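The sequence and the structure are shown first.

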Amino acid sequence: MGEAGFWDDQERAAKVGAEHARASKRLALYRELERDAEDLEPLAELAEDDPEIANELEDQVRAVQERLDELEEQRLFSGRYDAGDALVTINAGAGGTDAQDWAEMVLRMEMRWAEKRGFDAELLEVSPGEEAGIKSATFLVKGENAYGLYASEKGVHRLVRLSPFDAAHRRQTSFAGVEVSPVVDAIDDVEIDDDDLQIDTYRASGAGGQHVNKTDSAVRITHKPTGIVVQCQNERSQSSNKAEAMTMLRSKLLELEERRRREEIAKEKGEAQDVNFGSQIRSYVLHPYSMVKDHRTGFEVGDVARVLDGTSMGSRAPTCISRPATAAGPESDRRSAGR
């Protein structure tokens, strides 16, 4: 940062400055924790003869342990894009109207957790269902380790409940898929041929004022080689929506390449491959009993309402049901552990 001409490139300088601030913060936390941990030993010797100091020691140990757990969680996010922002897409799966209603519940859960974590969550696009719920929705999450945290949400979320849309009130199983992509700003990260794109415009259906609803400001982009479709309607102008949609497309293409790379590595190692969307990662059962179970870790909890409300299950563990962060195993489990 002290080099001559460093601030000439404002965009690069901003990224390096943010990285420097993040690294400096972590280093300061580590050094402070190291000092406090060293102070525990002499305090423990004094506590042997003084009950009041023993109580103080207990509080100090608890405080050190909490900060250590936080740093252990930070250590999990070592992936290339883990520290950056995330693009989260919710799609209704099998189950008709129930699935569309479930997709809206998943969207609410994921966005509420982001807000309670202190992240900035911005809804980019919503396609409403015919009777209730949504067919799909995409939102952007900005914050430290947003992608690293939300990466553990990729996959199929299954709901079992008494259907509110069935006249006989029978039990219904519904599915919603969650896709998570890292946000990439530089066009160099992913090469996109204009001939591979089909760009359509349409009238936005969401809120946004008279201008949004009376002009074809919404943009849908289809990437022909992969079949990936992105759309944006939250901005007032067509050009802004197109720029946002292109950012979404780059993110999804980047995630596709990363997934192919992981599958190729798993194939070479002879490991069982996770096809992502075809895998059921978590079940939410509301009838005949209440339980949320994460199938990757085997962890389960009975308070379904708190999970669906996006409320954390502990001081650090959010909506995702997983093993504690200190019990990190393989890479896939470590991501789940972080959440």
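In which loop is Ser152 found? The residue lies in the loop between α4 (146-150) and β4 (155-162). The model under discussion is predicted. Ser152 counts as buried because its relative accessibility is 2%, under the cut-off of 20%. Its side chain reaches the backbone oxygen of Leu149 at 2.9 Å.

**Overall composition**

The protein contains eight helices and eleven strands. It has 339 residues, of which 40% count as buried. Among contacts with a separation of 6 or more, 59% are made by residues 24 or more positions apart.

| Helix | Residues | Length | Span, first to last C-alpha | Expected span |
|---|---|---|---|---|
| α2 | 51-76 | 26 residues | 38 Å | 38 Å |
| α3 | 96-117 | 22 residues | 32 Å | 32 Å |

The span of α2 is close to the value expected at 1.5 Å a residue, and the span of α3 is likewise close to its expected value. At the start of α2, a side-chain oxygen of Asp50 comes to within 3.0 Å of the backbone nitrogen of Glu52. The buried residues of α2 are Ile53, Leu57, Val64, Asp69, Leu71, Glu73 and Leu76. In an α-helix there are 3.6 residues a turn, so residues three or four places apart point the same way. Just after α3, Gly118 adopts a positive phi of about 100 degrees.

**The sheet β6-β7-β8**

Three strands form an open sheet in the order β6-β7-β8, and their pairing is antiparallel. Its edge strands, β6 (197-202) and β8 (228-232), each pair on one side only. On average, and with direction ignored, neighbouring strands of this sheet are turned by 15 degrees against each other.

Six bridges connect β6 with β7 (residues 218-223) in the antiparallel sense. Within this pairing, Leu197 has His223 in β7 as its bridge partner. Strand β8 is mostly covered, with four of its five residues buried.

**Backbone features in loops**

Where does a non-glycine residue with a positive phi of about 65 degrees occur? That residue is Asn145, found in the loop between β3 (134-142) and α4. Asn145 counts as buried because its relative accessibility is 1%.

His169 also has a positive phi, near 55 degrees, and is a residue other than glycine. It is found in the loop between β4 and β5 (171-182). With a relative accessible area of 44%, His169 is partly exposed, since that category lies between the cut-offs of 20% and 50%.

A further backbone feature is the cis peptide bond that joins His287 and Pro288, with omega of about 5 degrees. Pro288 lies in the loop between β9 (280-285) and β10 (291-294).

How values were computed:
Residues numbered from 1 in each chain as written. Predicted model: local features only at pLDDT ≥ 70, side-chain atom pairs only at ≥ 80, totals over all residues. Heavy atoms only, no water. Pairing = 2+ DSSP bridges. Helix = DSSP H or I, 4+ residues; strand = E, 2+ residues; numbered from the N terminus. Axes fitted to C-alpha atoms, helices over the stretch in contact; angles between N-to-C directions. Expected span 1.5 Å × (residues − 1). Buried < 20%, exposed > 50% of the residue type's maximum accessible area, 1.4 Å probe, protein only. Polar contact = N/O pair within 3.5 Å; in protein donor to acceptor, adjacent residues only side chain to side chain. Contact = heavy atoms within 4.5 Å.
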